[in-house]
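Try each one before you read the solution.

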Amino acid sequence: MLSYRHGYHAGNFADVLKHAVLSLLLLALRKKDKPFRYLETHAGAGRYDLRDKLALKNAESRSGIVRLWERPDIPTLLQDYMAAVRSANDGDRLRWYPGSPLIARRLLRPGDTMALCELHSTEIVLLRSLFARDRQVTVYHRDGYAALNALLPPVERRGLVLCDPAFEIKDERTRLFDSLALARAKWPTGIFAIWHPIQERPVTERLYRRFENAGIPKILLAELCILPDATTKALKGSGMLLINPPWRIDDELKELLPWLLAVLASEGTGSWRVEWLTT
Ligand SMILES: C[S@@+](CC[C@H](N)C(=O)[O-])C[C@H]1O[C@@H](n2cnc3c(N)ncnc32)[C@H](O)[C@@H]1O
């Protein structure tokens with residue numbers, strides 16, 4: 001049984017990295033006229049109320065979106081992400097945090113499509129109601145890893161897969177690696193974005209080595225940690241592994257991550273990293 005609820009973590013510093021990168025990837029896909037497909041393996045509820053009891057339990061958004069919300073100096077590279085957060089809210093007060101499905105939906109053009117997978121019985125109801133009657137969006141109550149095999153490659157032949165697991169099962173990284181390696185073999189030209197938490201550095205590095213040694217070219221790593229590696233147990237940060245990322249996204253991330261670090265780790269701790277694992 002699944003127990004993870006993203007509502008406890010919505011809008012935290014890890015969401016900011018994930019959703020900022022997601023926005024940049026989709027913006028890059030929009031540069032060509034041809035339609036694309038966005039596929040998400042672990043979609044969550046789609047939208048989160050920052051005033052409900054899940055979000056208020058640890059108030060994680062205070063280490064993330066709250067720090068960005070009132071800043072007058074949002075960099076250009078973050079404008080579309082922040083516009084998605086603003087459009088989920090009515091006025092100047094931050095109450096709703098859009099999950100990746102809503103952020104992505106805002107960046108689809110009329111010919112683009114989106115497929116969302118979610119397994120949790122509560123989250124799927126919320127997700128379905130958010131996109132009811134939306135003909136560009138298909139919502140599946142199914143295992144996102146298995147869906148990769150069934151739904152790829154998309155008819156559009158261009159697009160993006162976001163894989164954002166909850167990391168609540170013991171062999172998650174193995175399942176993630178095996179499924180993504182297979183998916184990439186089925187669709188060698190697709191863009192794949194894989195989010196992962198950074199808690200224990202050796203565990204993280206082992207995941208990187210697996211991708212690095214799998215013979216998959218063009219893997220870019222972007223990491224943002226708000227705490228130093230030496231801090232034990234706590235979630236220090238997160239990373240995105242990007243397979244076949246669009247041209248120049250490495251330069252954009254090298255510009256964006258230092259700014260995000262300064263805002264999200266204003267205590268002067270933490271680090272950022274953008275590097276090619278394979279070329
Ligand atoms: C980190 S949350 C997703 C958050 C969302 N991507 C966002 O950024 O707004 C992970 C979600 O995956 C769901 N989940 C866990 N295992 C799954 C599986 N095998 N297939 C599909 N969904 C799964 C969980 O119920 C949870 O809602």
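Predicted model: local features only at pLDDT ≥ 70, side-chain atom pairs only at ≥ 80, totals over all residues.

The exercises go from the overall fold to one helix and then to the ligand.

Residues are numbered from 1 along each chain as its sequence is written.

**Exercise 1.** Work out how the radius of gyration of the protein fits a compact globule.

*Solution.* Start with the rule: over C-alpha atoms, 2.2 Å times the number of residues to the power 0.38. Next, the C-alpha trace spans about 45 × 45 × 40 Å along its principal axes.

**Exercise 2.** Find which residues of helix α6 are buried, and where they point.

*Solution.* Buried means 20 or more other C-beta atoms, placed from the backbone, within 10 Å of the residue's own; exposed means 12 or fewer. In α6 (residues 121–130), E123, I124, L127 and L130 are buried. They fall within an arc of 125° (directions from the helix axis to the C-beta atoms), so they line one face of the helix. The face turned away carries the exposed S121, T122 and S129.

**Exercise 3.** Describe the shell around the ligand.

*Solution.* Count residues with a C-beta atom, placed from the backbone, within 6 Å of the ligand. That gives 21, the closest being H42, G44, G99, H120 and G144.

Note on methods:
Helix = DSSP H or I, 4+ residues; strand = E, 2+ residues; numbered from the N terminus. Near = placed C-beta within 6 Å. Nonpolar A, V, L, I, M, F, W, Y, C, P; charged D, E, K, R; others polar.
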